[in-house]
Amino acid sequence: MTLLSGRGLNLDFGGITALADVDVDLWPGEMLAIVGESGSGKTTLLNVLSGRLAPDAGVVWYRDPNDHRHDVHAMPAPALRTLHRSDWGFVHQDPRQNLRMAVSAGGNVGERLMAQGARHYGDIRGAALDWLAQVEIDANRIDDLPRTFSGGMLQRLQIARTLVTHPRLVFMDEPTGGLDVSVQARLLDLIRSLVARLRIAVVLVTHDIAVARLLAHRIAVMQRGRIVETGLTDQVLDDPRHPYTQLLVSSVLSA
Amino acid sequence: MKGYNFAYLDEQTKRMIRRGLLKAVAVPGHQVPFGSREMPLPYGWGTGGIQVTASILGAEDVLKVIDQGADDTTNAVSIRRFFARTAGVRTTTATAEATVIQTRHRIPEKQLREDQIIVYQVPQPEPLYRLEPSRVETQRMHGLADYGLMHVKLYEDIARFGQISISYDYPVMVNERYLMSPSPIPAFDNPKMDMMPALQLFGAGREKRIYAIPPWTRVRSLDFVDHPFRAINAPHPCGVCGATDSYLDEIVTDDRGGRLFVCSDTDHCAERREAAT
Amino acid sequence: MAYVAVKGGEQAIDNAHAWLAEERRGDTATPALSVTQIAEQLGRSVDRVMAEGSLYDRELAALAIKQAQGDLIEAAFLLRAYRTTLPRFAHSKPVETATMRIERRVSAIFKDLLGGQVLGPTYDYTHRLLDFGLMEDQVVGAAVGSKVSDETMPRVPDILGQEGLLESDVVSDREPGDLTREPLTFPAERDVRLQALARGDEGFLLGLGYSTQRGYGGSHPFAGEIRMGEVSVEIEPAELGFAIDIGDLVLTECQMVNQFKGSKTVPPQFTRGYGLVFGFGERKAMAMALVDRAMRAAELSEDVTAPAQNIEFVLYHSDNIEATGFVEHLKLPHYVDFQSELQNVRRMREKAE
């Protein structure tokens, strides 16, 4: 049974087709990569799936831990908000969008716990320390402000802040974008091990085929608002059927 | 006072304010916008409290007005005079005698009764204003009960100072739903708000908001289980009446560091002194 | 020494008021100012007090100025407080500035135009040299020529509008908001924003308008037209079914013309900034027009980056009665809260040592 499903998703931005008849499924515990060039609609699809952007047509279904199905875009704002703070997570390409830059690392990680009602300072701080360790940030940085962190550290802090409530589903938008190659590698490794260990389902948007191959179980290729090919990552990348996928794959190899 | 309606405000305005008060009582701790009028006292001098009092005052009411806990601070005197002139109601300095108490920055020491109403003067009704200046934003936060910003601030205090650093206007959760500013009363007074038998009304004239706590409502000061809320007070007895459980003013008596600590609540202090003689 | 609680708040207040009255009167050997003198000879002060007091009554404004010893914000406060007590018995029809009886009308965007450039009683070309002759009563010669123009004076926006060069005004039947009765809420539409600006502090708006000219959210303004003169105020009682003239207002109106980049689908047009104020208040009207345009940034798909473009910031801080109340309220006793802070800090210091 799917965890998240999009059916017949369409979206137009003032004459430009951003999404055209998109169907997509996500199963529990799996990582789905959505790849394509910029302008392909992949970020738009991510925003529609996560309820941040309403489609012109189509529906997004989410199955909650009690097995009830919800129409994400028909949910009342408070309910969607609660979902985003507990069961779901969103990792932005720019970590500053999801961090409080004037609040310490510990405060940033602890916030979702406090929003859920955690009221023991020691426990909150303990959880923050635990998560900083899991994302390989030194414990003595817990009271430091994020503005003293490097780009890679900020991204890892964002991940800690997002995963602290053990979400079942995380949306990631180019999580390694803008980072050094070596920093990227380390971050990808971290994401892969955390996601596998915690059995989190992930929808990952990336323009980088290599990232998709490293992390994702399944891949969906987008071109001009449509999904042109979808399947197990290795199968699609080793034996691309659609001409566009072939182009994408071959341009990576020749690079 | 010739030419003015009872308690200054015209009846339409009073009705408008009372409708706001009813809404406020129905949703404890929620800020209700109201069409605040320009009053003969400046914004910041208690126009919100005055408009609320003017709207609920009846000819039989007995009014007490205090500022910093005292009946004879100049602003309390000025407001009491205003109502004496415009409403002709009986005024008093004895908390027990009053039916309506208008206050700035203190709650009387004596426990209030079910037949009393306390009206607080509020400068800044938005408890989140220092963390988020945009009212559009804070309105959304209240609507969604999204108070993460405040919790984080308290966490940061403990991380930085080892304790929560707020000593007055200490934020409270009302009825476990709305985050509220109790007005700039010292944290010491917060516990009095919890399950108070009297009706508590709050008026912010300049910011044009009214809010309320109905009698017998839960009011909880934000804290952590392992860093519980603690009231701050000078660690001395009152130098005049000997009270050890009332909030104290610190008086500078000489230029060699001499200090005298005296009850801020002048009526309470006077009552205790009388009882002692 | 036994402690005696400070008493006598009532007496202190009475003494303060008595001293104030003395100060206000000044040296009794000097003739007292008459309200008429203020109304006649300090017209610019009267205009400002009417504008910020939101009440058009020259005599009352002059009285307020006398009572406030020339403190114009205090005087505006007096008018506002008085206004609260006045019953409202009618709404006027919108005043028609197109048929204003012009005393002054200038445009910076046309060298000449129908009706001409009419300077009016302006300070613009005076040399700012103190005129010691004014220390004595002077006989003032009569001004040459007629004061009020009979000529047709089409409004510059209408001239530009004929070619479609200037965005047209939005025509609406909606009842305008009223900040004197209702609290400010967001989103604040243009009618409420303009009302707030019209009664907002001249200095605050001047600073904000100036900031837009220096790069904090600029809009390349041109003074399309400034006109000052009298307009009729009309009401239409239901029993009569037609409009009657109940009096006149002197108004200053400023139309700023600003650049707008068009798009492929929308041919470029100039955009507007509007200022309107009681009396002869050119500086205020111009600043208001600059800030009005700045606050339309989001509506015109411009980036909102500057203070003047931040609607919440501008509207919450433009009312000088609110501002002065809250700023000055810091003078009131705050010793109870300070005591808590003192004890707090003392305790934290103990822990740190």
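Mentor: In chain C, the C-alpha centres of domain 1 and domain 2 lie 28 Å apart. The domain assignment of chain C gives domain 1 as 13–84 and domain 2 as 97–120 + 147–325; such bounds come from an automatic or database domain assignment. This is a predicted model, in which local features need pLDDT of at least 70 and side-chain atom pairs count only at pLDDT 80 or more, while totals for chains, interfaces and linings use all residues. Residues are numbered from 1 along each chain as its sequence is written, and chains are lettered from A and ligands numbered from 1 in the order in which they are written.

Where the two domains of chain C touch, 14 residues of domain 1 are in contact with 15 residues of domain 2. Contact here means that the C-beta atoms of two residues, placed from the backbone, lie within 7 Å. On the domain 1 side of chain C, α3 (43–53) and α5 (72–84) each supply at least two residues. The most comes from α3(C), with eight residues. Helices (H or I, at least four residues) and strands (E, at least two) are DSSP runs, numbered from the N terminus. By class, this side of domain 1 of chain C that touches domain 2 of chain C has seven nonpolar, two polar and five charged residues. Ala, Val, Leu, Ile, Met, Phe, Trp, Tyr, Cys and Pro count as nonpolar, Asp, Glu, Lys and Arg as charged, and the others, Gly among them, as polar.

Chain B can be set beside this. Its assignment has domain 1 (11–221) and domain 2 (233–277), and 26 Å separate their centres, taken over C-alpha atoms. In chain B, 15 residues of domain 1 are in contact with eight residues of domain 2. The domain 1 side of that contact in chain B divides into five nonpolar, four polar and six charged residues.

Between chains, 18 residues of chain A are in contact with 13 residues of chain B. On the chain A side, α2 (77–85), α3 (105–115) and α4 (121–134) give two or more residues each, and α3(A) gives the most, with six.

As to confidence, chain A has a mean pLDDT (the predictor's confidence in each residue, from 0 to 100) of 93, and 98% of its residues reach 70 or more. Within chain A, the lowest mean is 82, in helix α9 (residues 243–254), and the highest is 97, in strand β4 (residues 57–63).
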